[in-house]
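Hi there,

Here is the structure I promised to pass on. Please have a look, and then read on for what turned up in it.

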Amino acid sequence: MANTLELYYESAYLKEFDATVISCSKGGDGSFFVCLDKTAFFPEQGGQSCDKGVIIDSSGKKHAVAHVSIQNGVITHVLDSAIEAGDNVHGVIDFPHRFSNMQQHTGEHIFSGIVNSRFGYDNVGFHLSDSEVTMDYNGQLTDDEIGKVEALVNEAIWANVEVICSFPSDEELSEIDYRSKKELTGAIRIVTIPGFDVCACCAPHVLRTGEIGLLKVVKAQNYKGGTRVSILCGKRALEYLSMEHGIVDDLVRIFTTSQDNIIASVEKLKSDLSDCKGQMAELQNRLLEYEIREIDEDLKNVFLVKEASLDQNVMRKTVNLLAASHQGFCGVFSGDDKKGYRYIIASGTDNRDARDVQKMLSNEFGAKGGGNSPMIQGSISCNDINAVINRCQEF
């Protein structure tokens with residue numbers, strides 16, 4: 001089969017096109033694989049997701065394009081219904097989706113070009129989907145360095161520099177110093193952003209950097225000895241910043257404060273919450289000590305059921321106090337029938353093996369947990385905690 005004519009190289013802004021169906025075969029999941037003599041649908045490749053849209057057959061029926069791939073120069077469109085070979089069709093690109101990808105990809109080129117020229121790091125990984133854009137660099141960047149790169153990228157965007165896409169001859173290519181993540185053969189497409197980047201790339205790009213609008217770094221982390229940076233450009237960046245601004249507005253309203261005092265308000269709330277948790281744990285501890293004193297020391301197999309908010313340390317201390325003065329097994333279940341229970345169970349003064357109780361809880365009630373002979377702990381879901389306790393008291 002002849003290579004598909006790639007119309008997106010003639011113009012990244014081509015929204016509609018006419019073509020002829022070369023072949024149509026049925027996929028295993030009810031989809032259909034359609035090849036055209038030419039297409040403006042960019043296939044998934046180079047780390048970028050494919051175009052979306054519809055193909056309209058000669059009868060006027062619309063076929064949704066679920067995916068587009070390329071192999072050995074032949075582009076395959078995955079459709080939700082069949083089209084006969086030889087039919088003359090009309091393709092319509094989901095251009096807002098295409099343009100968003102163009103904004104992201106050109107923004108990534110500028111970012112990676114500046115990282116390479118300033119720090120000497122290569123972009124060794126790239127992923128552009130409908131929800132995220134990530135770049136992996138083979139060197140570590142600090143937050144301050146990433147912030148400076150972000151500022152320089154936006155200056156390049158606002159300078160509205162021309163983005164030049166070309167297929168240089170072999171002789172011309174030998175004179176060009178360009179970035180590439182792998183060794184390339186055949187016709188090599190070079191994307192040049194004068195003053196910022198020269199890179200081999202197969203994807204559609206904007207005509208001028210000003211069309212990107214803005215670039216925002218949304219996350220950075222150490223990754224495989226280097227740095228993974230996540231960015232958003234254009235409309236995606238605006239939507240992200242609008243979402244963050246909405247969160248800030250909500251916090252201003254909740255704390256009845258100004259934006260510049262939000263962090264201080266949150267820190268104070270965090271400190272107050274920590275103090276309250278400490279006070280609550282102390283009160284829980286005192287209350288349980290009173291409760292334990294009222295329990296007859298001659299009782300064996302003592303179990304308590306407490307609220308879900310019981311502090312883990314208080315829970316453990318209570319079990320230890322019970323086990324120090326009672327035979328059999330002593331334990332505390334903390335939670336409720338709806339969300340389940342945490343438990344800690346210890347062997348009493350006669351030093352029996354608590355793992356026997358754990359085995360029973362796992363086999364009969366599906367509990368998850370473990371431990372050693374003196375003490376076990378875990379979690380359990382049940383509709384009747386009393387039935388569980390009654391079973392534990394049989395040991």
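In the charge count, Lys and Arg are positive and Asp and Glu negative, with His and the chain ends left out; each charge is placed at NZ of Lys, CZ of Arg, CG of Asp or CD of Glu. On that basis the chain has 38 positive and 57 negative charges, and their mean positions lie 5 Å apart.

Two notes on the source. This is a predicted model, in which local features need pLDDT of at least 70 and side-chain atom pairs count only at pLDDT 80 or more, while totals for chains, interfaces and linings use all residues. Residues are numbered from 1 along each chain as its sequence is written, and side-chain values use heavy atoms, without hydrogens and water.

Now the overall shape. The chain has a radius of gyration (over C-alpha atoms) of 32 Å, whereas a compact globule of 395 residues would be near 21 Å (the rule is 2.2 Å times the number of residues to the power 0.38). Its C-alpha trace spans about 95 × 55 × 40 Å along the principal axes. Buried residues (under 20% relative accessible area, 1.4 Å probe, protein chains only) make up 42% of the 395.

The chain has 8 helices and 20 strands (DSSP runs of H or I, at least four residues, and of E, at least two, numbered from the N terminus). In helix H8 (residues 385-392), Ile-385, Val-388, Ile-389 and Cys-392 are buried. These buried residues line one face of H8, because they fall within an arc of 95° seen down its axis (directions from the helix axis to the C-beta atoms). They pack (heavy atoms within 4.5 Å) against several elements, including helix H7 (355-365) and strand S18 (340-347).

Best wishes

Definitions and conventions:
Buried means under 20% relative accessible area, exposed over 50%, partly exposed in between (1.4 Å probe, protein chains only).
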